[in-house]
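Q: I have a protein model open and I'd like to learn how to read its features. Can we go through it together?

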Amino acid sequence: MELGRQHLTALLPIVSCGEEFKDEGLKVYIQFLRDESGVLYELIAPLGEDSPTAGVLATGKNILNHVAYTVTDLEGESQRLRKGGCIPLGRSAPALAFERRNVAFFLTPLTFILELIEEPAITSRKTD
């Protein structure tokens, strides 16, 4: 994580680094960095040899490998991606970095990965 942070902050106009998460459920360390234009970068490092990211780092390929976006209907969007030829890379799972909201990963026909991040539930407030 430290090496990734050093490289990104040296190469990009990073203005803030968020908390580093140790997500044992997803078997990764995660940290978000934001640049001066508001773009959010996510650093990911393996948490053990059986982490899904360990193999990627070992090969040195697809290090910058996915685009993430939030969705209000994770299941519906997942079905839409499947119909578009995307292959799920496992089941959706809660992510510590996103307040335990579910995330799902898909391999696209163009061989890059899409990450869907479930939007937080909207709670209504009663007013008197």
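Q: Let's start with Arg 5: does it count as buried or exposed?
A: This is a predicted model, so everything here is read from predicted coordinates. The general idea is to look at relative accessibility, with under 20% as the cut-off for buried. Arg 5 has 16% relative accessibility, so Arg 5 counts as buried.

Q: Which residue does Arg 5 form a salt bridge with?
A: First, the general idea: side chains of opposite charge can pair when their charged atoms come close. In this structure, the partner of Arg 5 is Glu 20, and their closest N and O atoms are 3.2 Å apart. That pair links distant parts of the chain, since Arg 5 sits in helix α1 and Glu 20 in strand β1, 15 residues apart. Glu 20 counts as partly exposed, at 37% relative accessibility.

Q: How many salt bridges turn up in the whole structure?
A: A search of the whole structure gives 6 salt bridges. One of them joins the side chains of Lys 27 and Asp 50, at 3.2 Å from N to O. Lys 27 is in the loop between β1 and β2, while Asp 50 is in the loop between β3 and α2, so this pair ties together parts 23 residues apart in sequence.

Q: And how exposed are Lys 27 and Asp 50?
A: Read the percentages one by one. Lys 27 has 33% relative accessibility and counts as partly exposed. Asp 50 has a relative accessible area of 54%, which makes Asp 50 exposed.

Q: Where do Glu 77 and Arg 80 lie?
A: Both are in helix α3, 3 residues apart, and that is about one turn of the helix. Glu 77 counts as buried at 16% relative accessibility, whereas Arg 80 is partly exposed with a relative accessible area of 47%.

Q: What about Leu 3, buried or exposed?
A: Leu 3 is exposed, because its relative accessible area of 56% is over the 50% cut-off. Leu 3 lies in helix α1, which covers residues 2–11.

Terms used:
Residues are numbered from 1 along each chain as its sequence is written. This is a predicted model: local features need pLDDT of at least 70, side-chain atom pairs count only at pLDDT 80 or more; totals for chains, interfaces and linings use all residues. Side-chain values use heavy atoms; hydrogens and water are left out. Helices (H or I, at least four residues) and strands (E, at least two) are DSSP runs, numbered from the N terminus. Buried means under 20% relative accessible area, exposed over 50%, partly exposed in between (1.4 Å probe, protein chains only). A salt bridge is a side-chain nitrogen of Lys or Arg within 4 Å of a carboxyl oxygen of Asp or Glu.
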